[in-house]
Amino acid sequence: MRITVDRSKCTALGVCESLAPELFEVQEDGSLIILNERPEGSLCSAAREAVEGCPTEALRIEED
Amino acid sequence: MEKDGLVVVGASLAGLRAVESARRLGYSGRITLIGAEEHLPYDRPPLSKEFLASGEPVDPVFRAERALREELGVDLRLGRYATGLDCRQRVVRLGDEEVSYSALVIATGAQARTLPDTAGLRGVHALRTLDDARSVREALDAGARTVIVGAGFIGSEVASAARKRGLPVTLVEAATVPLTRSVGSEMGGLLAELHRRQGVDLRLGAGVQRIDGSGSAESVVLTNGAEIPADLVVVGIGAAPCTGWLEGSGIDLDPRDKGVLCDSTLAVNAPGVYAAGDVCHWISDLFRGRLRLEHWTSAAEQGSLAARNALSLDDAKPYDTVPYFWSDWYDSRIQFVGEPHADDIQVVDKEWEDGKLLALYRKADRLVAALTVNRPTLIMKLRRMIASRASWQEAVEFAEEKVRN
């Protein structure tokens, strides 16, 4: 899978980081960094939770 | 009478997440979603934020009607009020009609409190629904002199939107310090400074005597006699759970606010019935007691879990969370995690001239909450520390080190 973020929708609310800190981190300037765009194993379910939890629906998963 | 299945009463965020989660987990039975408003389910946080900005309004609707009816296979009943519940017969009443259920999720949310004797006066609005937000937006477009009653988060966001448009704003608050219940009095006082810096006329400790006007609002008269001219009055004095339809049903309601009492799995005291969102009092293990939240994230999570547990799609799972809310005022992103009833609050960082703040909340020897303003990289790390029951010392050391770097 591959995680993508729509920067026009993301406002750095941080729910993704809270659910999957291995994959996401909000920066001090309010931008979001995806630490690992292609998670594997148990991180895949954390990624799905983060995508579902995003209040602005800015995150997506593209399945390979 | 219709075939039973999952019935969700309340078509806002929690209700929508309930039906989405049921389908995602493979439930193939009948799903009925009942909403009191005519609108498709929509997102509320933007209504007091970007929806009020000048220019094209954002569209807050979550899903197209086709996606709900055809892709999710939901029997959508909009503009329909639930009027009663019979837990023994397992039916929800919509006036004369009855909808039977095998599993029920109560997600009727809360409705805005109003000021007495203002019904029918044009220009006086709450800000809870899409219709409210459209009316407020229209008044701002017309350049309204704006008076806001209640300096809570909704009122503060409306003040921000009106000031961004350059309109005169008076913010009236009955308490001497705003936001005491949400963030504590010390921090409430600090946040109020953001309004003053932006030229808002902030009146604290001021009650509203009446709103004058013939047909539409002309002025707000305060209990101290002051009279403030107004074309738009936005009333943001809190919300109360919508549970009138449950009276007499045997469902346990909180004696004070009439919210629905649930156990830790969001189950209500009737078979197959669960609750989610603003109506729901549940038992939090993390904070050792009952909580009721009016937050976006908990409504979404509870909606999803309530449907899962109601349909017994897996072993019943308890709900718990570190409460999280955010609010956008002017150029400040305010974020709060945790439970604000603290023994002590420590300000770790107050670059207040630059608009930044980090405060930690201690109860006994634990970190129980954190407040940040324009410090988005720290807040979720602190949220995780609260979830893992981090000690106060550990939290302070972490925060001080992060602020230094």
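Which residues lie nearest the centre of the largest cavity? They are Cys10(A), Leu13(A), Gly14(A), Cys16(A) and Cys54(A), which belong to a lining of 14 residues. The structure is a predicted model.

**The cavity**

- A search of the whole structure finds one cavity of 30 Å³ or more.
- The largest cavity holds about 100 Å³ of space.
- Its lining comprises 11 nonpolar residues and three polar residues, with no charged residue.

**The contact between chain B and chain A**

- Chain B contributes 20 residues to the contact, and chain A contributes 19 residues.
- The size of an interface is often expressed as the accessible area lost when the parts come together.
- Here the two chains, B and A, bury about 1,600 Å² between them, and 44% of this area is on carbon and sulfur atoms.
- Pro376(B), Met380(B) and Arg384(B) provide 30% of the area that chain B buries against chain A, more than any other three residues.
- There are 12 residue pairs in polar contact across the interface of chain B and chain A, with both residues at pLDDT 80 or more.
- Five elements of chain B give two or more residues to the side that touches chain A: helix H1 (13-24), helix H7 (296-310), strand E22 (324-329), strand E23 (332-338) and helix H8 (379-387).
- Among these, H8(B) gives the most, with four residues.
- Sorted by class, the side of chain B that touches chain A has 10 charged, six nonpolar and four polar residues.

**The second largest pocket**

- The volume of the second largest pocket is about 1,500 Å³.
- This pocket is lined by 45 residues, and those closest to its centre are Glu49(A), Glu52(A), Gly53(A), Glu301(B) and Ser304(B).
- From chain A, the elements that give two or more residues to the lining are helix H1 (15-19), helix H2 (43-53) and strand E4 (59-62).
- From chain B, the corresponding elements are H1, helix H2 (65-71), H7 and H8.
- H7(B) gives the most to the lining of this pocket, with seven residues.
- By class, the lining has 20 charged, 18 nonpolar and seven polar residues.

**Salt bridges**

- Side chains of opposite charge can pair when their charged atoms come close.
- Over all chains, the count comes to 37 salt bridges.
- Between chain B and chain A, the count is six salt bridges.
- Lys381(B) forms a salt bridge with Glu25(A), and the closest N and O atoms of this pair are 2.9 Å apart.
- Another salt bridge joins the side chains of Arg2(A) and Glu37(A), at 3.6 Å from N to O.
- This second pair links distant parts of the chain, as the two residues are 35 residues apart.
- Arg2(A) is in strand E1 (residues 2-5) of chain A, while Glu37(A) is in the loop between strand E3 (32-34) and H2 of chain A.

**A loop residue of chain B**

- Thr129(B) is placed in the loop between strand E9 (124-126) and helix H3 (130-141) of chain B.
- Leaving aside residues up to four places away in sequence, Thr129(B) touches Glu37(B), Tyr42(B), Arg44(B) and Leu47(B).
- Thr129(B) and Asp43(B) are 9.6 Å apart in space, C-alpha to C-alpha, and 86 residues apart in sequence.

Note on methods: Residues numbered from 1 in each chain as written. Chains lettered and ligands numbered in written order. Predicted model: local features only at pLDDT ≥ 70, side-chain atom pairs only at ≥ 80, totals over all residues. Heavy atoms only, no water. Contact = heavy atoms within 4.5 Å. Buried area = accessible area lost by both parts, 1.4 Å probe. Salt bridge = Lys/Arg side-chain N within 4 Å of Asp/Glu carboxyl O. Polar contact = N/O pair within 3.5 Å; in protein donor to acceptor, adjacent residues only side chain to side chain. Nonpolar A, V, L, I, M, F, W, Y, C, P; charged D, E, K, R; others polar. 1 Å grid on protein atoms, 1.4 Å probe; cavity = no way out; pocket = protein on both sides within 12 Å on 5 of 7 lines; lining within 4 Å. Points joined across faces, edges and corners; volume = space filled by probe spheres on them.
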